[in-house]
Amino acid sequence: MAKRTRNISWIAGLVYFSQGALGVSGIALLLHLRELNWSVGQITTVMSVAAVPWVLKVLYGIVSDTLPLFGYRRKSYLVLCLLLTASGWFGLTILPQEKFWIFVAMLAANLGFAAT
């Protein structure tokens with residue numbers, strides 16, 4: 001395996017692992033919000049607004065292709081976005097269980113996830 005391929009393969013592995021893990025934990029998030037006595041309308045509204053970063057996905061590609069970060073175009077953005085996604089999901093566990101903080105954590109997770 002070429003050196004360049006090995007350097008990128010660990011990032012690709014992290015991206016695919018996080019996408020799979022987030023798909024599974026997304027189901028648990030809905031159940032958690034129902035346990036917090038959120039109505040179906042509140043859950044739908046918050047999740048819809050938190051999904052706005054997916055609309056801006058094209059902009060992430062343009063920015064990562066035109067503005068290198070730390071000397072790399074895509075690799076550094078992938079790592080930073082993975083960290084943002086992880087911090088959003090970690091924030092769901094440590095931040096207060098209030099609607100504002102849950103929304104902020106979900107928005108951060110979706111922003112990083114959409115950019116990867």
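Biologist: Is L82 buried or exposed?

Modeller: This is a predicted model, and L82 lies in its helix α4. Buried means under 20% relative accessible area. L82 has 13% relative accessibility, so the residue counts as buried.

Biologist: Which residues is L82 in contact with, leaving aside its neighbours within four places in sequence?

Modeller: One distance comes before the list. L82 and F113 are 31 residues apart in sequence, with their C-alpha atoms 7.0 Å apart in space. Beyond four places in sequence, the contacts of L82 are L14, V15, S18 and T116.

Biologist: How many helices and strands are there in the protein chain?

Modeller: From the N terminus on, the elements run α-α-α-α-α. The C-alpha atoms fill a box of roughly 50 × 25 × 20 Å along the principal axes. The count for the protein chain is five helices and zero strands.

Biologist: What share of the 116 residues in the protein chain is buried?

Modeller: Take the surface to begin with. The protein chain exposes about 7600 Å², and carbon and sulfur atoms supply 72% of that area. Of the 116 residues, the buried share is 27%.

Biologist: Which residues is L33 in contact with, leaving aside its neighbours within four places in sequence?

Modeller: L33 is one of the residues of the largest nonpolar core. Set aside its neighbours within four places in sequence, and the contacts of L33 are W38, I43 and I102.

Biologist: Among contacts between residues at least 6 apart in sequence, what share joins residues at least 24 apart?

Modeller: V63 and A115 are 52 residues apart along the chain, and 10 Å separates their C-alpha atoms. For contacts in the protein chain between residues at least 6 apart, the share joining residues at least 24 apart is 67%.

Biologist: Where is V63, and is this residue buried, exposed or partly exposed?

Modeller: V63 sits in helix α3. The buried class ends under 20% and the exposed class starts over 50%. With a relative accessible area of 36%, V63 is therefore partly exposed.

Biologist: Which element gives the largest share of the lining of the largest pocket?

Modeller: The largest pocket has a volume of about 270 Å³. Its lining has 15 residues, with Y60, S64, Y77, C81 and A115 nearest its centre. Elements that give two or more lining residues are α3 (57–66), α4 (75–94) and α5. The largest share, six residues, comes from α3.

Biologist: Is F70 buried or exposed?

Modeller: F70 lies in the loop between α3 and α4. F70 also has a positive phi, about 60°, although it is not a glycine. Its relative accessibility is 67%, so F70 counts as exposed.

Notes:
Residues numbered from 1 in each chain as written. Predicted model: local features only at pLDDT ≥ 70, side-chain atom pairs only at ≥ 80, totals over all residues. Heavy atoms only, no water. Core = buried A, V, L, I, M, F, W, Y, C linked by side-chain atoms within 4.5 Å. Buried < 20%, exposed > 50% of the residue type's maximum accessible area, 1.4 Å probe, protein only. Contact = heavy atoms within 4.5 Å. 1 Å grid on protein atoms, 1.4 Å probe; cavity = no way out; pocket = protein on both sides within 12 Å on 5 of 7 lines; lining within 4 Å. Points joined across faces, edges and corners; volume = space filled by probe spheres on them. Helix = DSSP H or I, 4+ residues; strand = E, 2+ residues; numbered from the N terminus. Areas by Shrake-Rupley, 256 points an atom, 1.4 Å probe, with all protein chains shown as cover.
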